[in-house]
Amino acid sequence: MTRRVLVWPDVDAMAAGVAASFADLCSSWLASHDGPMHVALTGGRSGAASMRALAALPEEAIDWDRIHLWWGDERWLPAGDSERNDELADQCLLNHISIPAGNIHRVAAPDQGIDIDEAAARYRNELARFETDPNWGHPEFALVFLGVGPDGHIASLFPHRTGIEVTDVPVIAVTDSPKPPSERVSITRPVINSAAHVWLMLSGADKASALGLALAGASRVEVPAAGIKGRVETVYFADQAAASAVPANVTLRFGIGDRVGRD
């Protein structure tokens, strides 16, 4: 497993780098695999910027017919609420691309007449429909996108909460989030770490401490991002402000318009 830290001057340049890298990864993955490519999306400002950059790519850049989109976590809010991650994805990406409706896998919402535990169970069942290994209970994710909070949380797995230590189920109901809303549905660490590629995106000076601690090997209980690694690669995409606490000798730094080369 390789680990890289890629740094751009600002969040827009970073997002463009993410989009270009994603197009390259899709091309190589789909060329070497017969089935669909499973990708988990994220929210937040870095996620939004990256999805907008993806939407701006030429239509032929990505074969969306073969890509299935999931979410690493979702806020337990009514469908269509502007604070839901899938609504953010609709506005930034999904409304602007041609992707089959059956390829989009949303977390259920409270206005569907179920409780949060049932929503988590339904998402577990949906993941299981595409499992590639009966011991996993979920598909093989080619890529999991993650935002990172100032406290180092990823998905809805927060410091000093039990979620980051759950290993026996792929999806949990979170009822004690320290940031609103308190109720969320989240995939768990084993699902994330089973992905071939995990890309963590950070922008802004408020993320600098989290990035520095994650790279330094902090405890995952203290800094959940520190417990995350992809099977093939883990890449931290950061703007200059978020990377301010990272030594220059462990980063690759790009200028506006630069393209990331893949191994």
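Which residues of helix 3 are buried? In this predicted model, they are Asn 85, Asp 86, Glu 87, Ala 89, Asp 90 and Cys 92. That is 6 of the 8 residues of helix 3, which spans residues 85-92, so the helix is largely enclosed by the rest of the structure. The cover over these buried residues includes helix 2 (44-55). It also includes strand 2 (37-41), strand 3 (67-71) and strand 4 (73-75).

**Helix packing**

Two packed helices are described by the angle between their axes and the distance between the axes. The table lists two such pairs.

| Helix pair | Axes come within | Crossing angle |
|---|---|---|
| Helix 2 and helix 3 | 8 Å | roughly 30° |
| Helix 1 and helix 2 | 8 Å | roughly 55° |

Take helix 2 and helix 3. Their axes cross at roughly 30°. Angles under 35 degrees count as roughly parallel, and helix 2 and helix 3 are therefore roughly parallel to each other. Helix 2 passes helix 3 in a right-handed crossing. On the helix 2 side, the contact is made by Gly 44, Ala 48, Met 51, Arg 52 and Ala 55. Helix 3 contributes Leu 88, Ala 89 and Cys 92. By class, this contact has 6 nonpolar, 1 polar and 1 charged residues. Ala 89 and Cys 92 are also among the buried residues of helix 3.

Now helix 1, residues 11-32. Its axis crosses that of helix 2 at roughly 55°. That makes helix 1 oblique to helix 2. The crossing of helix 1 and helix 2 is right-handed. From helix 1, the contact draws on Val 11, Met 14, Ala 15, Ala 16, Val 18, Ala 19 and Phe 22. From helix 2, it draws on Ser 46, Ala 49, Ser 50, Ala 53 and Leu 54. By class, the contact of helix 1 with helix 2 has 10 nonpolar, 2 polar and no charged residues.

**Cysteines**

How many disulfides are there? The count comes to 0. A disulfide needs a pair of cysteine sulfur atoms within 2.5 Å. For Cys 26, the nearest cysteine sulfur is that of Cys 92, 18 Å away. Cys 92 is likewise in no disulfide, and its nearest cysteine sulfur is that of Cys 26.

Are these cysteines buried or exposed? Cys 26 is buried, with a relative accessible area of 1%. Cys 92 counts as buried at 8% relative accessibility. Cys 92 also takes part in the contact between helix 2 and helix 3.

Conventions:
Residues numbered from 1 in each chain as written. Predicted model: local features only at pLDDT ≥ 70, side-chain atom pairs only at ≥ 80, totals over all residues. Heavy atoms only, no water. Buried < 20%, exposed > 50% of the residue type's maximum accessible area, 1.4 Å probe, protein only. Helix = DSSP H or I, 4+ residues; strand = E, 2+ residues; numbered from the N terminus. Contact = heavy atoms within 4.5 Å. Axes fitted to C-alpha atoms, helices over the stretch in contact; angles between N-to-C directions. Parallel < 35°, antiparallel > 145°, perpendicular 65-115°, else oblique. Left-handed = near helix turned anticlockwise from the far one by under 90°. Nonpolar A, V, L, I, M, F, W, Y, C, P; charged D, E, K, R; others polar.
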